[in-house]
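Please consult the sequence and the structure shown here before reading on.

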Amino acid sequence: MAAERTANVTWTGSLQEGSGRIESVGSGAFGPLDVTWEARTEDSDGRTSPEELIAAAHASCFSMAFSGGLAKAGTPPERLDVSATVTFVPGTGITKSALTVRGTVPGMDEAAFVEAAEVAKENCPVSQALASVPEITLDASLA
Amino acid sequence: MSAASSESFALPFTIASRVGVLEGKTSPEELVAAAHASCFVTSLGSELARAGTPPVRMTVRCTITMDEIESGDHRIVASHISAAADVPGADDEAVARAAREADAGCPISALIRASATVTVEAKLEGGD
């Protein structure tokens, strides 16, 4: 089944001095969120950016894929703490997404945890959408 | 989930909000839609300014489609951008041209296009 997800953004004024706002998303889970060029490349100062949203997408996608994979293997996690840090180079684009996960998984050893994390990294839809990003790294270990 | 770099949001998400009923929870694909829309809008503003017709206001809507592929896995298969810009001194064709250039220059468009379809429609809004 295909799933569609939407977001609505407005921008007023120029790129450097103006500002944008993610007015709403289809789920209603967030918005409005302010977006500026400065937040993207310099000091975020409480405002988000496309790259931070990609980081949120990647972290949440990976955590679901990993949790699903662990449950399927008979070792559901108690907790996974995931972070994604996306590097943006103006003029080039996104050059890196670095995933870090610390997990509590009863009955699982470190090697099996790391292997399952690698599988989740490869297969999650956002990782696939980031396939053209030069570097996607994963730092996984049990908490 | 929270945005650590800007501290601008903290949000719940679930598998149900991803493929089924939203119930006020976000999903990775909705976040990609927000990223693509916010990236595209800055590129469009740049292109219109470069053409000598800076916009007064722009609105951009992005719809991300995720679908099941043959292997049974899910993939982001398409992103559709729909833009409207209030641009004094520009016509529909100028806005459409700027939108094509914005699509070519927006890093998130390039990213998504590497593995999915990206389509863009843009029109002039307001002004007389």
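Two packed helices are described by the angle between their axes and the distance between the axes. The crossing of H2(B) and H3(B) is right-handed.

On the side of H2(B), the contact is made by Phe40(B), Ser43(B), Leu44(B), Glu47(B) and Leu48(B). Their partners in H3(B) include Ala94(B), Val95(B), Ala98(B) and Glu101(B). Of the residues in this contact, eight are nonpolar, two polar and three charged.

Over all chains, the structure holds three aromatic pairs. One of them is formed by Phe30(A) and Phe9(B), which are stacked with their centres 6.1 Å apart and 20° between the planes. Phe30(A) belongs to the loop between strands S2 and S3 of chain A, and Phe9(B) to the segment before H1 of chain B, so the pair joins two chains.

The confidence of the prediction remains to be considered. The model as a whole has an ipTM of 0.93 and a pTM of 0.92. In chain B, 97% of the residues score a pLDDT of at least 70. The table gives mean values for chain B and for its elements of lowest and highest confidence.

| Part of the model | Mean pLDDT |
|---|---|
| Chain B | 90 |
| Helix H1 (residues 15-19) of chain B, lowest | 73 |
| Strand S3 (residues 117-124) of chain B, highest | 97 |

Terms used:
Residues are numbered from 1 along each chain as its sequence is written. Chains are lettered from A and ligands numbered from 1 in the order in which they are written. This is a predicted model: local features need pLDDT of at least 70, side-chain atom pairs count only at pLDDT 80 or more; totals for chains, interfaces and linings use all residues. Side-chain values use heavy atoms; hydrogens and water are left out. A crossing is left-handed if the near helix is turned anticlockwise from the far one by less than a right angle, and right-handed if clockwise. Helices (H or I, at least four residues) and strands (E, at least two) are DSSP runs, numbered from the N terminus. Contact means heavy atoms within 4.5 Å. Ala, Val, Leu, Ile, Met, Phe, Trp, Tyr, Cys and Pro count as nonpolar, Asp, Glu, Lys and Arg as charged, and the others, Gly among them, as polar. pLDDT is the predictor's confidence in each residue, from 0 to 100. Rings of Phe, Tyr and Trp (its six-membered ring) pair if their centres lie within 6.5 Å; planes under 30 degrees apart count as stacked, over 60 as edge-to-face and the rest as tilted.
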